Structure formats: structure tokens, C-alpha cells
Amino acid sequence: MCGRFTRTRLVEDYAEYFQASPTEASSPSYNVSPADDILAVVAEPDQSRHLTWLHWGLVPFWSAGPDRRFSMINARAETLADKPAFRTAFRQHRCLIVADGFYEWQPSGEGKQPFYIRLRSGEPMAFAGLWDQWEAKDGSRSISSATIVTTTANARIRPIHERMPVILPPEAFQPWLDPGLTDPDRLATFLQPISAEALDAWPVSTRVNSPAHQGPDLIKPLA
């Protein structure tokens, strides 16, 4: 799964990288956690892109509303086309979740050791995401929300964890965002693990275990 990640650049920097119009600024986060607002790129029918803030934890449009009993921060790539919670968004509401790296925990004899993973190139990451818009029946409340799509781990991540987020390369941004592309078989071709050689990973402090902790020290390699 993908349960924590970083977003450390300015919104304007992401807007330039993803060729998208900017949105409201926010402080950098070295410990983005479930239920936080996350930055995403979405596209209009004319292919123009814009950044927006979405609640992390998908709330399907047809549901009764947020339910703390269920976590929809991740969606498995293998079942997107079939699961009721995701299949409509998979066809109609795809996005890029903006990140600079993510954390994963490796089981060990002394508990779980967190690792920080980022692109070796140093570029921002684009997680494949789905979004949806939920509206209360009485019109009193609206929630724009998202989930991160995960796939099987590549050779670099497998010793740490069996799953990883789908990290899309720049050439996949346009088709993944295209609202006119609705063929699930074509969309599934983008949901592969990124090359192991594209990633760096190193162990970090267990301070990241608490969502309350922030700061660049969280991604500093352990001595």
C-alpha cells in the first residue's frame, strides 16, 4: 500500500512541471497522511490541466458519505475495473497525485523499519490516482476526494514491501488524464510498476511513524 508520502516543493513548481494551472498554496509536507488534503492534477475535456486539493480517502459519489470503518486511501490496480467503489472513477475521473517520494515499512526482528523512496532523477512523482465528487442529498456538504492506485512491487521495493504506488512516467500523463479515454483494457496498460532502476530507497527514522512529525529530518538517511 501507500500510506505516507512527501510533497516538499512549492505549488508553482508543480504547476510548471505538470504544465497545469496552479491552485491555492500550502506548506510543504514531509509526512502526508490519510485524511489530509493532497495535491492532484486533473484535466478538462479540452485537455487543459489544473492543480486542485482533494481529500485523501475516496468517497464514491453514490455512497452515503464518509465512513470511518473503511479506508479507501489505496485502490488495487488489478481490481479497478470491477470494484463498485472504483470502476466509475477508473473510467471517468482519473488524476495524478503529486509527490516527491513515499515511505514504506519493512518488517524486521525489532518491529518495522521505515524507508523513504524517491525517483533517482530527483523529479516529482506522479502517482496514478482516481477522484470523485460526493454531494449530500440535502446539498449541505460536498467532498472532493481521491485514492492512490497501487500495483505489485518492483525488484527494488519488493524486499521492503509487496505493494507500491503506480508511478506514471511523463509520457503517460496525457492519456491517463484524458477524460475521453474510457477503455479499461487500454487504461490498464499504464498500471505497471516503474523500473527498479528508476528508484532510490534508504532507511529513515521511525519518527515518521507519527503523522504529527514533520520536517526534512524525516527523509534523512539513517547513519
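Tutor: What follows goes from the whole chain to single residues, and the model is a predicted one.

Student: How do you know how the chain compares with a compact globule?

Tutor: Set its radius of gyration against the rule. A compact globule of 223 residues would have a value near 17 Å, and the chain has 17 Å, so the two agree. The C-alpha atoms fill a box of roughly 50 × 35 × 35 Å along the principal axes.

Student: What share of the contacts join residues at least 24 apart?

Tutor: Take the contacts between residues at least 6 apart in sequence. Of these, 68% join residues at least 24 apart.

Student: Which strands form the open sheet, and what makes a strand an edge strand?

Tutor: The order is β2-β1-β7-β8-β12, with antiparallel pairing. An edge strand pairs on one side only; β2 (29–32) and β12 (199–203) do just that. From one strand to the next, the twist averages 30 degrees.

Student: How do you know that β8 and β12 pair?

Tutor: Count the bridges. Pairing needs at least two. Strand β8, residues 111–119, has five to β12, and the two run antiparallel. In that pairing, I117 stands opposite A201 of β12.

Student: What makes β3 and β4 a hairpin?

Tutor: The two strands pair in the antiparallel sense over seven bridges, and five residues lie between them. In the turn, Q47 has a positive phi of about 80 degrees.

Student: In which sense does β4 run with β10, parallel or antiparallel?

Tutor: Parallel, over two bridges to β10, residues 142–152. The cut-off is at least two, so β4 and β10 count as a pair. W56 has A146 in β10 as its bridge partner.

Student: Why are the buried residues of α1 said to lie on the same side?

Tutor: In helix α1, residues 11–18, the buried ones are V11, Y14, A15 and F18. Their arc around the axis is only 105 degrees, which puts them on the same side of α1. An α-helix has 3.6 residues a turn, so residues three or four places apart point the same way.

Student: What do those buried residues pack against?

Tutor: Their partners are β1 (5–7), β3 (37–43), β4 (49–56), β6 (94–99), β9 (125–135) and α3 (170–177). After α1 comes Q19, with a positive phi near 55 degrees.

Student: Why is A40 called buried?

Tutor: The cut-off is under 20% relative accessible area. A40 has 0%, so A40 is buried. Its place is in strand β3.

Student: Which residues does A40 touch, leaving out those up to four places away in sequence?

Tutor: H50, L51, T52, L54, C95, L96, I97 and V98.

Student: How far apart are A40 and A126 in sequence and in space?

Tutor: They are 86 residues apart in sequence, and 8.8 Å apart from C-alpha to C-alpha.

How values were computed: Residues numbered from 1 in each chain as written. Predicted model: local features only at pLDDT ≥ 70, side-chain atom pairs only at ≥ 80, totals over all residues. Heavy atoms only, no water. Helix = DSSP H or I, 4+ residues; strand = E, 2+ residues; numbered from the N terminus. Axes fitted to C-alpha atoms, helices over the stretch in contact; angles between N-to-C directions. Buried < 20%, exposed > 50% of the residue type's maximum accessible area, 1.4 Å probe, protein only. Arc of directions from axis to C-beta. Contact = heavy atoms within 4.5 Å. Rg over C-alpha atoms; globule rule 2.2 N^0.38 Å.
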